[in-house]
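Hi there,

Here is the structure I promised to pass on to you. My notes on what turned up in it follow below.

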Amino acid sequence: MQIARVIGDVVAARKAGGRHFRTAVLVQPLELDGENKGRATVALNEAGASVGQVVLLVREASAASESPGDAAVIAIVDRVELFPVAAGTKDK
């Protein structure tokens, strides 16, 4: 899983069978600090996310849901909480 931001909608006039009610979005993967990470990708929008929202993105969507495809948005992120490393532990 990875965090991403929805940066656009993908509009398709014709869809293959079984995908009539699904939409696709363009998502930009993010680093934990909110900076862009790599290239944007198209994902099936299983969570109903809108442009500008931060989402959880899974690759190999067919393994995570019953949707075929390479990527899927599975949740809308409310917030990300980062905690400092506990004293005496090493960063991994």
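The chain has five strands and one helix, and along the sequence they follow the pattern β-β-β-β-α-β. Please keep in mind that this is a predicted model. Of its 92 residues, 26% count as buried. Among contacts with a separation of 6 or more, 44% are between residues 24 or more positions apart. The accessible surface of the chain is about 6600 Å², and carbon and sulfur atoms hold 52% of that.

Now to the strand pairing. β1 (residues 2–10) pairs with β4 (residues 54–59) in the antiparallel sense, over four bridges; Gln2, for one, has Leu57 of β4 as its bridge partner. β4 also runs antiparallel to β5 (residues 71–76), and five bridges join these two strands.

The largest nonpolar core has 10 residues: Ala4, Val6, Val25, Val27, Ala43, Ala49, Val55, Leu57, Ala71 and Val73. β1, β2, β4 and β5 are the elements that each give two or more residues to this core.

On charged pairs, how many salt bridges does a search of the whole structure find? The search gives one. In this salt bridge the side chains of Arg79 and Glu81 meet, at 2.6 Å from N to O. Arg79 counts as exposed because its relative accessibility is 61%, over the 50% cut-off. Glu81, at 43% relative accessibility, counts as partly exposed.

Finally, there is a nonpolar patch on the surface, formed by Leu32, Val80 and Leu82, and together these residues have about 310 Å² of accessible area. Leu32 sits in the loop between β2 (24–29) and β3 (41–45). With a relative accessibility of 58%, Leu32 counts as exposed.

I hope this is a handy start for your own look at the model.

Best wishes

Definitions and conventions
Residues are numbered from 1 along each chain as its sequence is written. This is a predicted model: local features need pLDDT of at least 70, side-chain atom pairs count only at pLDDT 80 or more; totals for chains, interfaces and linings use all residues. Side-chain values use heavy atoms; hydrogens and water are left out. Patches are made of residues with over 30% relative accessible area and no salt bridge: like charges are joined within 9 Å, nonpolar side chains (Val, Leu, Ile, Met, Phe, Trp, Tyr) within 5 Å. Accessible areas come from the Shrake-Rupley method with a 1.4 Å probe; for residues, only the protein chains shown count as cover. A salt bridge is a side-chain nitrogen of Lys or Arg within 4 Å of a carboxyl oxygen of Asp or Glu. Buried means under 20% relative accessible area, exposed over 50%, partly exposed in between (1.4 Å probe, protein chains only). Two strands pair if DSSP finds at least two bridges between them. A nonpolar core is a set of buried Ala, Val, Leu, Ile, Met, Phe, Trp, Tyr and Cys residues joined through side-chain atoms within 4.5 Å. Contact means heavy atoms within 4.5 Å.
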